[in-house]
Amino acid sequence: MDTAELKGHVKQLQKLTEESDLLALLDTLRNGVVVKESLLRQTSAGLAVGRLRSYPIQTVADAAKELVKKWKQDIEDAKTAKPPSPPPPPPAKPPLRSAKRDLTSLKVTDDPIRDKCIELMYDGLALDSDMATEEILALATIIEAAVFETHDEATTTEYKARFRTLFVALRHKDTSRWRDAVLNGAVEAERFASLSLADLMQIA
């Protein structure tokens, strides 16, 4: 019940004289008003109902007394009520995986450039996977070995560029299906290493 509606009921209350009408309106006020101290003051509802406590018809006087008592108790309860607890924060997402986070060190070959490329492939594959570290490292190593072989076993500029392309294919949202396919074995690591740029960048 809003302020305007309550004011209307207060005016009615001051005009009614029939017992049944007064009791019905008091019942409406009892069940239809969410009590706030400020609301009772603004509408003079508290004063209007309070005066009825001495009404000559006893049933009306008793109903008014009960309503005043209820309102006082509701106001007191509202003052002492504890504010609702804020909802718990959503669980934090686990940090994205990477070679630096999963491994104390990464030294698979005797060549730091090759090891860096293996690390890049590990980062591309691991991300949010729950696969064991050793399995992801094995796949990353297979990919690197396949690329190394196709580049005449030399860490050339083209060799390095190839890994940047493969990394993008694994991590980009439009082509990340390759990551899932390599991890679940749908695409063998050697085949992934040999895919053309057009295949790698093709959006599913």
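**Exercise 1.** Determine where Leu127 is placed, and whether Leu127 counts as buried or exposed.

*Solution.* Leu127 is found in the loop between helix H7 (112-126) and helix H8 (133-150); helices here are DSSP runs of H or I with at least four residues, numbered from the N terminus. The model is predicted: local features need pLDDT of at least 70, side-chain atom pairs count only at pLDDT 80 or more, and totals for chains, interfaces and linings use all residues. Residues are numbered from 1 along each chain as its sequence is written, and side-chain values use heavy atoms, with hydrogens and water left out. The relative accessibility of Leu127 is 10%, so Leu127 counts as buried (under 20% relative accessible area; exposed is over 50%, partly exposed in between, with a 1.4 Å probe and protein chains only). Its phi is positive, about 40 degrees, although Leu127 is not a glycine. Most residues other than glycine have a negative phi.

**Exercise 2.** Describe Ser44 in the terms used above for its loop and its accessibility.

*Solution.* Ser44 lies between helix H3 (37-43) and helix H4 (45-51), in the loop. Ser44, not a glycine, has a positive phi of about 60 degrees. Because its relative accessibility is 32%, Ser44 counts as partly exposed.

**Exercise 3.** State how H1 and H2 are oriented to each other.

*Solution.* Helix H1 (residues 3-15) and helix H2 (residues 19-32) pack at about 155 degrees, and their axes are 10 Å apart. The two helices are therefore roughly antiparallel (angles over 145 degrees).

Definitions and conventions: Axes fitted to C-alpha atoms, helices over the stretch in contact; angles between N-to-C directions. Parallel < 35°, antiparallel > 145°, perpendicular 65-115°, else oblique.
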